[in-house]
Amino acid sequence: MTSLTTGSRVTAVLGPTNTGKTHYAIERMLAHRTGVIGLPLRLLAREVYDRIVAARGPSACALVTGEERIVGARAQYWVCTVEAMPTDIGCDFLAVDEIQLCADPERGHVFTDRLLNARGLHETLFLGSDTMRGAIAALVQGVQFIRRERFSTLSYAGSKKISRMPARSAIVGFSVENVYAIAELLRRQKGGAAVVMGALSPRTRNAQVAMYQNGDVDYLVATDAIGMGLNLDIGHVGFSATSKFDGWRMRPLFPHELAQIAGRAGRHTSPGTFGVTGEAGPLPDEVVEAIENHRFSPIQRLNWRSGTLDFGSAERLIASLEAAPGNTWLQRGREADDLHALKALSEMPAVRDRLRHPRDLRLLWDVCRVPDFQGISPTEHAHLLQRIFGFLQDGYVPDDWLSAQIRRIDKTEGDIDTLSKRLAYIRTWTYVAQRTGWVKDESHWRDETRAVEDRLSDALHAALTQRFVDRRTSVLLRRLKQKEGLVAEVNDKGEVTVEGEFVGRLEGFRFQQDGSASPDEAKTLKQAAYEALRPEFHLRADRFYNAPDTELDFTEQGGLMWGASAVGKLVKGDDVLKPKVEAFVDEEAGFDVAEKVRRRLQHFIDRKTATLFEPLLNLQRDETLSGLARGFAFQLVEALGVLPREAVANEVKQLDQDMRGALRKHGVRFGQYTIFQPLLLKPAPTRLRLVLWSLFDGLAEFPESPPPGLVTVPNIDGVPKGYYTLSGYHPAGARAIRIDMLERLADILRTLDSRAGFEANPDMLSITGMTLEQFADLMAGLGYKGERGEREKTRTEAVTPAPEGEASANPITEEEAVLQTVTEPEVFYTFTWAPKPRAPRGDRPQRGRGAPAEGGERREGKPRSERGDRGERGDRGKPRGGKPQGSKPGGKGKREDERPRSFEARPVREKPIDPDNPFAAALMGLKDKL
């Protein structure tokens, strides 16, 4: 390329699409000894390169793009993307295609630079739309214009449904999601479609185009990439949308942009048509007329950026890039990605400290021009460029580091999106490998990155074909094209019909086929049903993913439900509180649907666990807990918030009041029988606790939680006690009582004299909701002996006098008495603590001074306000915690497994008696006699 070479003939070949401009440029280049042609897309550059190789051989040709560099041994003809056009060679011929991209907001400054500065030694061609005539005439001196007319007619065909789209049609979308959705619909209704997008590698794109050109499929779904010179046998172009996101905002396409794409229809002399489909509205009449007659508003401003750069400092370099143009035809465009990256890196201290010489700035600028192929955030991209810049200042990008980056990408398994992302990632390293002097062994890394790209391209082509092309369905539909193919529908009840015939039901994300069809018919109907269900699966997966948690639930056997449909189940995870999920999704629904359902189910159960077990999770995450308190919290978390006290009696003894206070802050209650968090005894946490425990324990059948609201439930023989504990109940006798109600009962029993005996009162029966006989059985289960007795109960009732004139059996007159005393028998129980038989003295564990009985703890040396943990009793004047105590308070040598002593009723302010004081012992003896 030579800048403004004198004597060079400059020609602008302008006209609409399908005028043979690119073909003319290739002919002109091959007429010279050397030449360079710049094209807007890597895909188009590859296509032109293949044509020149076919004419001159590979040794005489070179292909240079940002990610690809193939240079023949005696390269004479260079085919490049516009950004990659070499600036250090003199060539006889130079051409730039699609010169109207000078007005592009993002890339326009590159095309404008080539328009102003790039010249061949003998001939220069600028190819593009006639809208550039005025700008080129004003900016390029001595330019000559050639107007080329379209070879075929182009006419508007209006709106068509995709199902009515004629064969050899291209449907254009402006997002990956839209392209995939249309291709999926075409597969169901037309047997399949090829997919062409600018993000595809040339290898994948060529393989997809080959399917279309060979007739394997009759439809092509593409982005606006097909508008840039790709020559295909297209008869009709349908726009599924007329707006696109341009990197900044959604905007309508300009008429000349619509014409650029619509012009792909009607190649050479064959007429073509264009129209709209899907949700796109009809085109306005003035737009249709402009496209059909190729008349558009001229371009008034070209985007420009200074090519004279000042590498004196980072600030001066940025200032030179942001310099204002000196011509009214030129304007500064948007801030390009490379300039944005330069600003970000120059503000990093680690980079700024390395900028000691203009050559450092030149290197930094070269690094900033690495495109963000991966589409990551600007910050992440800047950090990647910083890493590369650091490597290059030290010499080269290290082989081991580059190898590790490529090795992570070199995997051919995965769905379309995964493979597309890997292809985008490998483009970054392909670009790095193409830069001269950036890696030690340039040839090796160019071959390596190219090989990885080829493998990923083949895998992506296979994935696209598998998802969007069903060859068997295509053949079937061609045979039945008079009937418009098999029509399948899914109603709101999940019933699937094909050609009006019932073939099965869709339950959640699994298809249950009707068994009444014959084997041959079932095969065909099943295929047609799944063809119809593919978009339904995606739509249903979207609805499911956006459904609120209130529509989802789990069963007591670990199933996961969406309304009345089973959509998955819980499976054991690494932690009892972190279960995994398995989605119930048919394989035919595809990996994307299955993964979306799985993610939604995982989100649901994670949120459900976090909500219902919030107190327990807060306890687990509390970093202020340490030592014994942290260990005890760990045990409580393992037990899912409900821990029998007898299982951790020794650990409880070792907790001082500060440790207990720290645990109580998380709602931990040190009950007489159970240590628990009351909020976790509610029905919802209890139900989930049983499921999580059963799942983690590997049970084949999960125990069901008791119905909510019951104070007691039957104590069934053979059911492990742990089941009741996890359900929030404590077995005692023929019934199991709810843990919190048992602790309330224990609070009452603690104030009574279990040695002398006490009777059940209405409060006890009210708490338990039992009859007296049932309560006696419960107390027996708790270790009390109940003696049944009867006594006369006297009550007074009113007597109604007999009416006058009637004899009365009662000789007492109304004036003499109105009330009468009635006597009737009454059953009562007297309960006393019944200790277990004492073990031989040598077998009994000894307790030191002040050691507590079973489940108790030492309290010596503690203020009264800190005493007591049974039932959270620490208030002054209330009895100390512990089970109902026996008749020997303070008795030494008491067995650890014996029932703790009980205090007799005494004044609230009475000071407890020290059992080791001999005077206190005498006082106790005197008290017994009294």
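What share of the contacts in the chain with a separation of 6 or more is accounted for by residues 24 or more positions apart? In this predicted model, such residues account for 68% of those contacts. The chain holds 29 helices and 37 strands, and of its 930 residues 47% count as buried.

An α-helix has 3.6 residues a turn, so residues three or four places apart point the same way. The buried residues of H5 are Val179, Tyr180, Ile182, Ala183, Glu184, Leu186 and Arg187, a list that includes the charged residues Glu184 and Arg187. After H5 comes Gly191, which has a positive phi near 95 degrees.

A hairpin is formed by strands E33 and E34, with two residues between the strands. In a regular strand the side chains alternate between the two faces of the sheet. In E33 (residues 729–732), Tyr729 and Pro731 point one way while His730 and Ala732 point the other way, and all of them are buried. E33 runs antiparallel to E34 (residues 735–738), to which four bridges join it, and Pro731 stands opposite Ala736 of E34. Within this hairpin, Gly733 adopts a positive phi, near 70 degrees.

Aromatic side chains form 15 pairs in the model. One of these joins Phe758 and Phe831 in a tilted arrangement, with the ring centres 6.0 Å apart and 40 degrees between the planes. The pair links distant parts of the chain, since Phe758 belongs to strand E35 (residues 758–759) and Phe831 to strand E37 (residues 819–833), 73 residues apart. Phe758 counts as buried because its relative accessible area is 7%, which lies under the 20% cut-off, and Phe831 is likewise buried, with a relative accessible area of 0%. Both rings belong to one aromatic cluster, which is made up of Phe758, Phe775, Tyr784, Tyr829, Phe831 and Trp833.

Charged groups are also placed over aromatic rings. The charged end of Arg687 sits over the ring of Phe554, at 4.3 Å from its centre, and Arg791 lies over the face of Phe828, with a distance of 4.2 Å from the ring centre.

Conventions. Residues numbered from 1 in each chain as written. Predicted model: local features only at pLDDT ≥ 70, side-chain atom pairs only at ≥ 80, totals over all residues. Heavy atoms only, no water. Buried < 20%, exposed > 50% of the residue type's maximum accessible area, 1.4 Å probe, protein only. Contact = heavy atoms within 4.5 Å. Pairing = 2+ DSSP bridges. Phe/Tyr/Trp six-rings, centres within 6.5 Å; stacked < 30°, edge-to-face > 60°. Lys NZ or Arg CZ within 6 Å of the ring centre and 35° of its normal.
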